[in-house]
Amino acid sequence: MSLSVQIFELPPIGTQCYVVSHPDSLELAVFDAPLNAWPTVEAIAAKSGLKIGGLYFTHGHWDHTLDGQKFNDAGVPAFAHAEDRLFFETPEVMATYSIPGMAMPPVKIESWLEHGQRIKIIGREVEVRHVPGHSPGSVLFWFVDDKVAISGDALFYRSIGRTDFPGCSFEQLSNSIKNHIYTLPDDTVVYPGHGPETSVGDEANGNPFVLR
Ligand SMILES: [Zn+2]
């Protein structure tokens with residue numbers, strides 16, 4: 001039996017929310033919370049009877065966190081890397097590169113994740129890999145036994161995350177991708193924050209920005 005990854009591309013700029021479940025678990029896990037993520041996930045939970053076990057952030061950029069507070073209000077624990085703490089606690093620091101006038105509620109993080117940490121998510125072994133460059137606290141979640149990685153905005157299909165925002169660095173992102181993403185097994189399916197899924201091997205050998 002295998003991991004189920006449901007993909008939702010949500011407003012306002014087509015950011016993906018992933019809902020992950022496994023036949024052996026009575027919980028589901030949510031990765032990132034763009035606008036409307038809460039009603040989307042709540043409906044899935046109601047229909048499936050699964051409990052929303054946790055909300056895991058790939059990073060703290062506003063388009064990934066807009067519905068985060070609604071998960072807080074429902075008592076769902078949220079997890080992220082501390083180097084993006086500023087974005088979660090004071091989202092207004094992103095005002096110059098968000099949508100003018102848009103409400104950006106802060107998100108409470110229950111527990112901060114660290115590079116190399118192994119955690120259980122819906123009963124599966126997941127390794128957290130710190131992949132800074134697009135944001136200081138970007139992380140990738142690797143489902144070790146499932147050939148699945150959730151990469152946030154570090155790596156996309158034939159592209160990489162923007163590095164023109166404050167706190168970004170192309171050199172750092174390039175090193176993160178080479179050292180902590182291209183070192184995963186080639187047949188690992190990569191689910192990014194925007195756009196279609198890809199694989200480690202496809203990008204390591206064909207990405208126009210960063211090759212292995
Ligand atoms: Zn981002």
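Reader: Where does Asn 36 lie?
Author: Asn 36 is in the loop between strand 3 and helix 1. Helices (H or I, at least four residues) and strands (E, at least two) are DSSP runs, numbered from the N terminus. Residues are numbered from 1 along each chain as its sequence is written. Please note that this is a predicted model, in which local features need pLDDT of at least 70, side-chain atom pairs count only at pLDDT 80 or more, and totals for chains, interfaces and linings use all residues.

Reader: What is the phi of Asn 36?
Author: Phi of Asn 36 is near 75°, a positive value in a residue other than glycine. Most residues other than glycine have a negative phi, and most peptide bonds are trans.

Reader: And which value does phi of Asp 32 take?
Author: Phi of Asp 32 is near 70°, which is also positive in a residue other than glycine. Asp 32 is placed in the loop between strand 3 and helix 1.

Reader: Is Asp 32 buried or exposed?
Author: Asp 32 is buried, because 27 other C-beta atoms lie within 10 Å. A residue is buried if 20 or more other C-beta atoms lie within 10 Å of its own, exposed if 12 or fewer, and partly exposed in between, with C-beta atoms placed from the backbone. Asn 36 has 16 C-beta neighbours inside 10 Å, so Asn 36 counts as partly exposed.

Reader: Now helix 1: which residues are buried there?
Author: In helix 1 the buried residues are Ala 37, Trp 38, Val 41 and Ala 45.

Reader: Why do they line one face of the helix?
Author: Seen down the axis of helix 1, the buried residues fall within an arc of 90° (the arc of the directions from the helix axis to the C-beta atoms), so they line one face. Pro 39, Ala 43, Ala 46 and Lys 47 are exposed on the other side of helix 1.

Reader: What comes just after helix 1?
Author: Gly 49 does, with a positive phi of about 80°.

Reader: Changing topic, which residues are joined by a cis peptide bond?
Author: Pro 11 and Pro 12 are, with omega about -5°. Pro 12 belongs to the loop between strand 1 and strand 2.

Reader: Lastly, what is Phe 31 in contact with?
Author: Leaving aside neighbours within four places in sequence, the contacts of Phe 31 include Cys 17, Tyr 56, Phe 141 and Ile 150. Two residues are in contact if their C-beta atoms, placed from the backbone, lie within 7 Å.
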